Amino acid sequence: MANQPEIIEQYRAVHAVGGVCARTDRSLIEVVGKDRAAWLHNLVTNAVKTLTPGEGNYAFATNIKGRAVFDLNLLVLEDRIWLDVDAREAVKALGHLGKYIITEDVELKDRSGEISRIALFGQKAMDACTSLGFANFVTWAGMQHAGGAVAGAACRLVRDDFTGLPTAEFFITAPHAVAMDAIKAAAASFGLVPVDRETMEVLRIEAGRPASVDDIDEDVVPPESGQIERGISYHKGCYLGQEVIERMRSHGVLIRRLVGIQLDGDVRPERNAKVSINGQDVGRVTSSCWSEAVGAILALGYVKSIHAKPDTVVSVSIAGGERGGRVVSLPVCCAQLT
């Protein structure tokens with residue numbers, strides 16, 4: 001089904017000027033103690049020990065079989081490390097990490113309730129951030145960050161293009177409300193529009209960015225997600241699950257891949273809907289939306305690598321039957337709008 005008029009209006013405004021949204025869907029785990037970097041380095045797929053304050057990266061925490069337990073953004077501060085995780089994964093993340101604190105000087109704390117978060121994205125996001133004292137974030141690397149203050153409240157600005165557009169996210173400590181109001185006012189002064197979660201999903205899926213829980217679960221081995229360059233270091237040495245992931249790389253074996261699938265009709269498939277070719281099961285859908293860029297249902301899903309080439313014709317199970325579709329390249333460009 002096509003998007004509601006307000007979603008279409010938000011979508012077009014975001015691509016023309018920019019948008020703003022609260023990040024109530026995320027949680028923040030703080031890691032302190034002198035062993036924090038070396039300890040965490042052994043538990044995630046990306047490098048930690050080589051990062052300096054102000055740097056960060058994206059990574060996966062994996063189990064001994066190399067499967068994703070959860071994914072995370074990792075931010076290194078002067079005396080602590082912040083782990084930015086999906087709010088639905090926070091309890092699991094704390095439990096998983098806590099199992100591996102043996103004799104190390106490491107302590108975990110959920111700081112989600114102490115820090116408010118808001119993201120600005122799109123063409124005018126840099127102007128709004130500059131007016132708040134944070135200049136040129138668009139020149140930063142992904143997950144680069146810097147501290148500062150807004151309306152007297154300590155905050156940290158992080159570059160994380162989760163929308164597929166240049167995106168800056170403010171992490172704000174008390175007084176939250178005053179700083180949030182100041183950021184919203186700055187955003188409004190440059191024409192950035194408030195954006196609903198449904199619109200954010202359209203942006204995310206068109207960008208080809210897999211989401212925690214929805215597209216990344218414990219059936220997924222991290223290289224299958226298409227986030228190798230962003231989230232996996234093959235040079236960092238051993239970590240939990242590393243042998244499985246390294247074996248996939250060295251043997252050149254990747255059984256499944258995350259792809260985009262454009263569907264006929266206007267009915268969105270359910271999560272885990274079967275993807276088939278000539279009646280043979282070749283994969284599953286993980287998330288979907290009505291894409292304004294292609295004017296059709298666009299899904300993310302995993303298919304066998306031999307069927308991951310763009311324009312491969314597939315069928316997807318929906319309520320009451322199947323719909324035809326084809327594999328498409330990601331990201332989907334908004335320039336395709338007519």
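**Entry 1. Conventions**

I worked on a predicted model, in which local features need pLDDT of at least 70 and side-chain atom pairs count only at pLDDT 80 or more, while totals for chains, interfaces and linings use all residues. Residues are numbered from 1 along each chain as its sequence is written, and side-chain values use heavy atoms, with hydrogens and water left out. Helices (H or I, at least four residues) and strands (E, at least two) are DSSP runs numbered from the N terminus.

**Entry 2. The five-stranded sheet**

I looked up the strand order first. Five strands form an open sheet, E3-E4-E5-E2-E6, with antiparallel pairing; two strands pair if DSSP finds at least two bridges between them. Strand E3 (56-62) and strand E6 (107-110) are at the edges with a single partner strand each, so one side of each has no neighbour in the sheet. On average, neighbouring strands of this sheet are turned by 30° against each other, direction ignored.

Helix H3 (residues 90-98) lies across strand E2 (26-32), E3, E4, E5 and E6, and runs at about 85° to E4. For such angles, axes are lines fitted to C-alpha atoms, for helices over the stretch in contact, and the values run from 0 to 180 degrees between N-to-C directions.

**Entry 3. Tyrosine 58**

Is tyrosine 58 buried or exposed? Tyrosine 58 is found in strand E3 and counts as buried at 4% relative accessibility. Buried means under 20% relative accessible area, exposed over 50%, and partly exposed in between (1.4 Å probe, protein chains only).

I listed its contacts (heavy atoms within 4.5 Å). Leaving aside neighbours within four places in sequence, tyrosine 58 touches Asn46, Asp71, Leu72, Asn73, Met143, Ile216, Gln227, Arg230 and Gly231.

**Entry 4. Glycine 241 and helix H8**

Glycine 241 lies in the loop between H7 and helix H8 (242-251). It counts as buried, at 8% relative accessibility. Which residues does glycine 241 contact when its neighbours within four places in sequence are left aside? They are Thr62, Asn63, Ile64 and Gly66. Glycine 241 and glycine 66 are 175 residues apart in sequence but 4.0 Å apart in space, C-alpha to C-alpha.

In H8 I found Gln242, Val244, Ile245 and Met248 as the buried residues, and these pack against E3. An α-helix has 3.6 residues a turn, so residues three or four places apart point the same way. Just after H8, glycine 252 takes a positive phi of about 65°.

**Entry 5. Strand E15 and its partners**

Strand E15 (residues 296-304) is mostly covered, with eight of its nine residues buried. I looked up its pairings next. E12 and E15 run antiparallel and are joined by eight bridges; here tyrosine 302 is the bridge partner of leucine 258. Strand E14 (residues 280-291) also pairs with E15 in the antiparallel sense, over eight bridges, with glycine 301 as the bridge partner of valine 285. The hairpin of E14 and E15 has four residues between the strands, and in it glycine 295 takes a positive phi near 65°.

**Entry 6. The two pockets**

A pocket here is an open set of points on a 1 Å grid over the protein atoms alone, where a 1.4 Å probe fits, with protein on both sides within 12 Å along at least five of seven lines; lining residues have an atom within 4 Å of a point. Grid points are joined across faces, edges and corners, and a volume is the space filled by probe spheres set on the points.

The largest pocket has a volume of about 500 Å³. I counted 27 lining residues, of which Ala207, Gly208, Arg209, Leu330 and Pro331 lie nearest its centre. Helix H6 (197-207), helix H7 (228-231) and strand E12 (256-263) each give two or more residues to this lining. By class, the lining has 14 nonpolar, seven polar and six charged residues. Ala, Val, Leu, Ile, Met, Phe, Trp, Tyr, Cys and Pro count as nonpolar, Asp, Glu, Lys and Arg as charged, and the others, Gly among them, as polar.

The second largest pocket holds about 410 Å³ of space, and Arg23, Asp25, Arg26, Arg204 and Ala211 lie nearest its centre among 26 lining residues. The largest share of this lining, four residues, comes from H6. Its classes are seven nonpolar, three polar and 16 charged.
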